[in-house]
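Welcome! Take a moment to look over the model below, and then we will walk through it together.

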Amino acid sequence: MQGTVTSVDSEEKQIRYTDAQGKDARIRYDLLVVAVGSIIRRPDPDQGGIALTEPQAAAGIRERWHANLRKVVGETNPEERKRLMTIAVAGAGISGIETSVELARAMRKEAVALGLNSSDISVYLLNAQERLFPEGPAKVGRKLDQMLGECGVTVLHNRKAMREEAGTVTLDNGHRLAASLCIWTIGLIPNPALRSMGLRQVLVDECYRVQGAPGVYSIGDCKRS
């Protein structure tokens, strides 16, 4: 069935939805599984940088660092050369880790092609937590940190980017990082559609049962344990 759920009545065990023709309809259920996923969290527009939210943003990021490396070839100012070869990735979840590694590898390869020193490439991963992968064992976080370093990524723990402006990333401790590009990978938030369904924040137990809603289960990024 194709349609958009507009509300969930857990007491009556029925959902209201709009079908493909735009008509309102209802359907009763014995068990309901909510799996509407999540959306990418976006920074405020005045925080600068580029948020990695869609393929177009990824293409823009690639175009920016490519252009910056080409500028390095003719740049004689050491500080400006360093800034042009530096990128900050704000957010050290799975997306941030993968993004920083891919950037470090791709930029180093491109630097060699342009006759630049690949070791001058700097990719900083800003982690607001004390360690990487806080949901798992500490040794896994340490191993991740080591592997990232081997790939050319420097992890700054307990550091949160506040904004990027004019080639400078301001951190929450007041320090500033000169970087030609700041990429935001600040995680996900539950799908706003949950609010219109009347579910708001979906809290589940160890069996994925939604608290206060008998017969309703939730899986995926829209739930919270």
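## The central sheet

In what order do the five strands of the open sheet stand? Reading across this predicted model, the order is S6-S13-S7-S8-S9, and the pairing is parallel. S6 and S9 stand at the edges with a single partner strand each, so one side of each has no neighbour in the sheet.

Now look at one pair in detail. S7 and S13 run in the parallel sense and are joined over four bridges. Here you can find Val89 standing opposite Ile183 in S13.

Start with H1, whose 19 residues should span 27 Å at 1.5 Å a residue; the end C-alpha atoms of H1 are 28 Å apart, which agrees. Its buried residues are Ala57, Ile61, Trp65, His66, Asn68, Leu69 and Val72. Among the elements that cover them are S6, helix H2 (78–84), S7, H3 and S13.

The same check works for H3: its 20 residues should span 28 Å at 1.5 Å a residue, and the end C-alpha atoms are 29 Å apart, which agrees. The buried residues of H3 are Gly96, Ile97, Thr99, Ser100, Val101, Leu103, Ala104, Met107 and Ala111. Their cover includes H1, S7, S8, H4, S9 and S13. Just after H3 comes Gly115, with a positive phi of about 80°. Helix H4 (residues 138–150) lies across S8 and S9, at about 140° to S9.

In soluble globular proteins, nonpolar side chains tend to be buried together. Which residues touch the most other members of the largest nonpolar core? They are Ile87, Leu103, Met107, Leu125 and Leu148, out of 28 residues in that core. At least two core residues come from each of H1, S7, H3, S8, S9 and S13, and H3 gives the most, with six.

Setting aside neighbours within four places in sequence, its contacts include Val89, Ile97, Leu132, Leu148 and Val155. There is also a second, separate core of 14 residues, with Val8, Leu199, Val202 and Val210 among them.

Strand S1 (residues 3–9) pairs with strand S2 (residues 14–19) in the antiparallel sense, over six bridges. Across this pair, Thr4 stands opposite Thr18 in S2. The hairpin has four residues between its strands, and Lys13 takes a positive phi near 55°.

Is Gln47 buried or exposed? Gln47 has a relative accessible area of 18%, so it counts as buried, since the cut-off for buried is under 20%. Beyond neighbours within four places in sequence, Gln47 is in contact with Ala161, Met162, Arg163, Glu164 and Trp184.

## The cysteines

A disulfide is a covalent bond between the sulfur atoms of two cysteines. How many disulfides are there here? The count is zero, taking a disulfide as a pair of cysteine sulfur atoms within 2.5 Å. Cys151 is buried, at 19% relative accessible area, while Cys207 counts as partly exposed, at 41%.

Note on methods: Residues numbered from 1 in each chain as written. Predicted model: local features only at pLDDT ≥ 70, side-chain atom pairs only at ≥ 80, totals over all residues. Heavy atoms only, no water. Buried < 20%, exposed > 50% of the residue type's maximum accessible area, 1.4 Å probe, protein only. Contact = heavy atoms within 4.5 Å. Core = buried A, V, L, I, M, F, W, Y, C linked by side-chain atoms within 4.5 Å. Pairing = 2+ DSSP bridges. Expected span 1.5 Å × (residues − 1). Axes fitted to C-alpha atoms, helices over the stretch in contact; angles between N-to-C directions.
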